[in-house]
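Subject: The structure we talked about

Hi,

Here is the structure I promised to pass on. Have it open next to this email while you read, and I'll walk you through what turned up.

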Amino acid sequence: MALIVDMDKIVSLCKRRGFIFQSSEIYGGLGSAWDYGPLGVELKRNLKQAWWKSVVHERDDMLGLDASILMHPNTWKASGHTENFSDVLVDCKKCKKRFRQDHVGKTCPECGSKDFTEGRPFNLMLKTYLGAVEDESSITYLRPETAQGIFVNFQNCVDTSRKRLPFGIAQVGKSFRNEVTPGNFTFRTREFEQMEVEYFTRPDQAEQSHQKWIEDRFDWYLNLGLKKENLRRRVHADDELAHYAKGCTDIEYHFPFGWSELEGIANRADYDLQQHSKVSGKDLRYQDPVSQEKFFPYVIEPSGGVDRAALAFLVDAYHEEDVEGSTRVVLRLHKNLVPTQVAVLPLLKKNHEIVALAKNLRRDLQKSLTCVYDDTAAIGKLYRRQDEVGTFFCVTVDVQSLEDKQVTVRSRDTMKQERVSVDRLKDYLTEKFSNDF
Ligand SMILES: [Zn+2]
């Protein structure tokens with residue numbers, strides 16, 4: 001079993017090193033809202049880029065989309081969110097605390113009382129008003145999922161791309177849910193980022209396609225470095241499924257707070273396009289170009305959370321090891337995810353020639369790699385700083401570099417050092433990052 005790091009260490013590292021800050025901290029913070037700092041935003045960008053590359057650019061059956069967060073309110077009537085997207089809440093009559101009914105069982109977790117109010121549904125969509133008038137007609141919602149932006153653009157994508165089944169549409173974007181009990185750091189928040197695919201197939205090919213997506217998505221997390229023993233699949237029981245769904249499998253990660261969902265891969269049958277056809281009055285059936293037959297495609301939906309994935313990769317990468325009697329914290333992130341690929345460090349910051357060479361190298365490297373320069377501490381401390389945030393290589397310029405035109409390249413994982421000539425440095429490093437996985 002791998003050592004499970006405790007969440008406090010992750011939260012503390014994230015704050016200390018600029019991965020994740022509490023939102024509006026100077027005003028006392030806003031519950032369950034988080035800001036990605038200078039290193040966090042790089043990690044998240046890399047994660048989304050790796051996802052996009054894998055599900056869009058490296059396939060010939062996928063299209064990308066970026067739909068707006070605000071959508072016509074009828075969207076949510078068609079999708080069922082207006083009617084059904086709610087948690088049932090109960091109040092403890094003794095301590096007055098409010099809970100999700102499915103979270104409390106029969107006893108109040110706060111005071112032990114068994115006396116609850118009747119359950120009431122509470123819609124999870126965040127409501128707002130468009131325009132200057134705040135009345136019924138101007139009510140709209142911040143989307144609770146990116147998926148519906150894909151369904152309402154299905155026909156546009158078919159018409160403009162001439163794609164034939166099976167094909168899919170991918171989207172990354174923010175979604176909002178007024179969660180009653182957010183928590184576990186960035187795991188459950190009211191504002192979050194999703195990476196979703198809607199993959200359209202003929203009904204008789206849906207099951208096969210579903211299984212393939214489950215495999216592909218599982219492998220994606222593995223290939224980007226999550227440990228196998230911390231990943232599992234969980235097939236939903238029949239009573240967990242939406243009434244229209246034919247099946248759903250979650251990819252779960254072993255977080256310090258337990259096994260929790262990273263991504264759900266559902267077979268949604270033909271529910272979504274049918275519903276939007278009904279409510280919009282537009283025929284969203286697909287017409288087979290050969291047989292002319294018209295039908296509603298089935299939809300396979302791999303739906304992952306960017307924030308959850310970022311948290312899982314951080315937790316999984318966190319290592320403490322003993323090096324010559326002191327603890328080295330090292331973030332063993334995959335090289336395609338690291339916020340900084342290379343740090344250039346001068347051994348002596350008072351030697352102008354060393355500093356000049358180091359700065360020149362940095363300027364040259366940063367055209368093709370993410371690169372930082374740091375001279376604010378002694379070399380041992382600079383190495384540890386970079387290890388702690390996952391920087392893949394450190395390049396050190398020393399006195400000898402001025403004579404032999406070579407620098408020291410140190411690997412984060414092995415701490416092995418190698419002398420590389422200044423002329424060859426850029427090629428040497430870019431090559432290390434060029435092969436994908
Ligand atoms: Zn109570």
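Helices (H or I, at least four residues) and strands (E, at least two) are DSSP runs, numbered from the N terminus.

Two housekeeping notes before we go on. Residues are numbered from 1 along each chain, as its sequence is written. This is a predicted model, so local features need pLDDT of at least 70 and side-chain atom pairs count only at pLDDT 80 or more, while totals for chains, interfaces and linings use all residues.

Is F185 buried or exposed? F185 is buried, with 23 other C-beta atoms within 10 Å. (Buried means 20 or more other C-beta atoms within 10 Å of a residue's own, exposed means 12 or fewer, and partly exposed is in between; C-beta atoms are placed from the backbone.)

R162 also has a positive phi of about 60° and is not a glycine either. You'll find R162 in the loop between helix 7 and strand 9. R162 counts as exposed, because it has 8 C-beta neighbours inside 10 Å.

The loop between helix 7 (154-161) and strand 9 (167-176) also holds P166. The peptide bond that joins L165 and P166 is cis, with omega about -5°.

**Two sheets**

Now for the strands. Two strands count as paired if DSSP finds at least two bridges between them.

- Strand 12 (residues 247-255) and strand 13 (residues 258-267) are antiparallel, with 9 bridges. A hairpin connects them through 2 residues, and H254 stands opposite W259 in strand 13.
- Strand 13 and strand 16 pair antiparallel over 5 bridges; N267 has I300 as its bridge partner in strand 16.
- Strand 10 (residues 191-201) and strand 16 (residues 298-305) run antiparallel and are joined by 6 bridges. Here E196 has S303 in strand 16 as its bridge partner.

Another open sheet has 3 strands in the order 5-4-6, with antiparallel pairing. Strand 5 (98-100) and strand 6 (120-123) are at the edges, each with a single partner strand, so one side of each is left without a neighbour in the sheet. Neighbouring strands of this sheet are turned by 45° against each other on average, direction ignored. Strand 4 (residues 86-91) pairs antiparallel with strand 6 over 4 bridges, and D87 stands opposite F122 in strand 6.

**Domains and the core**

The domain assignment gives domain 1 (7-72 + 143-314) and domain 2 (340-434); such bounds come from an automatic or database assignment. The centres of domain 1 and domain 2, taken over C-alpha atoms, are 38 Å apart.

What is the largest nonpolar core made of? The core has 84 residues, and those with the most contacts inside it are A312, F313, L314, V342, V344 and V395. (A nonpolar core is a set of buried Ala, Val, Leu, Ile, Met, Phe, Trp, Tyr and Cys residues joined through C-beta atoms within 7 Å.) Helix 10 (residues 306-317) gives the largest share of this core, 9 residues. Domain 1 and domain 2 both give residues to this core, so it lies between them.

Leaving aside neighbours within four places in sequence, A312 is in contact with L226, Y253, F255 and L262. (Contact means that two C-beta atoms, placed from the backbone, lie within 7 Å.)

In helix 12 (residues 379-388), Y383, Q386 and D387 are buried. The buried residues of helix 12 pack against strand 18 (326-331), strand 19 (342-346), strand 21 (393-397) and strand 22 (406-411). Just after helix 12, G390 takes a positive phi of about 90°.

Notes:
Axes fitted to C-alpha atoms, helices over the stretch in contact; angles between N-to-C directions.
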